[in-house]
Amino acid sequence: MIAAYLAGARLALSRWALISILWLITAAFGVAFALAGATWLGDALDGAMATKSLLHHVDVQVLIDLWAHHREGLRMLLVLAAVLAVGHTVLWWWLDGVIVAAVLPSGDGFWRRGAQLAPVMARLFGIGVCVWLTWSLLIGGAAWGLMRLTQDSFTAHVWEWIGGLAAALWLLGTAWLIAAHDQARIRAALSGSGAIASYRWALGFVGFGGERAFALALLLQGSGLGLWALYQAIGLALPLTELIGLTWSILWGELFLWLRAFGRVWRLAAQRKLQ
């Protein structure tokens with residue numbers, strides 16, 4: 001497991017050009033929405049001085065006021081956000097195929113190979129979302145049922161215990177499903193099998209502890225969580241009231257986006273070493 005973890009990191013670093021392109025694509029979607037939001041906000045407030053401060057900090061009360069007085073414009077902004085989200089998701093069906101192809105033993109022609117894998121990646125995405133929603137509904141329904149059964153209980157904090165255990169179980173199950181989804185994508189690329197067959201194989205592989213796939217997935221996701229915590233800790237320490245502080249904050253945020261793209265490639269490269 002540790003060997004796969006480290007080998008995945010080395011392989012991901014060797015694909016730094018691909019990671020940079022993935023970062024640019026993600027940044028482009030963010031910039032597109034930011035420009036649209038800034039344009040709409042400037043139009044809604046007629047270019048008032050408050051526009052500059054609101055671009056950096058929009059609290060709930062401001063959103064309520066903007067919805068009350070500029071509902072039509074805000075609705076169009078939300079439609080644009082939905083279109084960008086759908087476009088981003090569809091594009092990543094291809095890019096997920098590109099990443100998987102890039103971490104395979106051959107590793108050549110991964111842009112073209114990614115386009116060939118895009119349909120099966122889309123089907124695996126649909127299967128994964130349906131399974132995850134089913135899991136979420138089962139956990140949520142069970143927790144709600146237990147809360148209803150214990151509503152007359154005099155035991156202190158019983159609802160907190162039920163909610164905490166349900167949340168922990170849901171997170172553990174979600175991590176397990178992510179591991180299975182990653183293995184299914186790699187399996188589809190390696191064997192050329194369909195989405196359902198690959199997903200069924202991945203469920204068995206992770207479920208029966210094949211090559212400690214779930215433990216590796218937890219280690220990789222823990223590493224990603226650690227990077228996020230480091231980003232938050234340093235980001236909160238940067239002053240946003242001065243130009244140099246704001247500049248460093250933006251650069252730090254962009255570095256984190258690059259590290260997220262690196263983590264995505266790293267996760268699949270490490271999981272690939274198990275098959």
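## Aromatic cluster

Rings of Phe, Tyr and Trp, the last taken by its six-membered ring, are treated as a pair if their centres lie within 6.5 Å. In this predicted model, ring pairs of this kind link Y5, W258, F262 and W266 into a cluster, and the count for the structure comes to 8 aromatic pairs. One of them joins Y5 and W266, whose ring centres are 4.9 Å apart with 55° between the planes, a tilted arrangement. This pair links distant parts of the chain, since Y5 belongs to helix α1 and W266 to helix α10, 261 residues apart.

Y5 has a relative accessibility of 16% and therefore counts as buried, and W266, at 12%, counts as buried as well. The rings of F262 and W266 also form a pair, with centres 5.6 Å apart and planes at 45°, so this pair too is tilted. Here the two partners both lie in helix α10, 4 residues apart, which is about one turn of the helix, and both are buried.

## The polar neighbour S223

Helix α9, which covers residues 213-237, contributes S223. The side chain of S223 makes a polar contact of 2.6 Å with the side chain of Y5, and once neighbours within four places in sequence are left aside, S223 is in contact with Y5 and W266. The relative accessible area of S223 is 17%, and because the limit for a buried residue is under 20%, S223 is buried.

In soluble globular proteins, nonpolar side chains tend to be buried together. The largest nonpolar core of this model has 47 residues, of which L22, V120, L124, L216, V265 and W266 touch the most other members. At least two residues of this core come from each of α1 (2-14), α2 (16-44), α5 (71-102), α6 (110-149), α7 (158-191), α8 (195-207), α9 and α10 (243-272).

V265 is in contact with A12, I19, L22, I99 and V103, leaving aside neighbours within four places in sequence.

## Helix α6

Helix α6 has 40 residues, and the distance from its first C-alpha to its last is 54 Å, close to the 58 Å expected at 1.5 Å a residue.

Methods: Residues numbered from 1 in each chain as written. Predicted model: local features only at pLDDT ≥ 70, side-chain atom pairs only at ≥ 80, totals over all residues. Heavy atoms only, no water. Buried < 20%, exposed > 50% of the residue type's maximum accessible area, 1.4 Å probe, protein only. Polar contact = N/O pair within 3.5 Å; in protein donor to acceptor, adjacent residues only side chain to side chain. Contact = heavy atoms within 4.5 Å. Core = buried A, V, L, I, M, F, W, Y, C linked by side-chain atoms within 4.5 Å. Expected span 1.5 Å × (residues − 1). Phe/Tyr/Trp six-rings, centres within 6.5 Å; stacked < 30°, edge-to-face > 60°.
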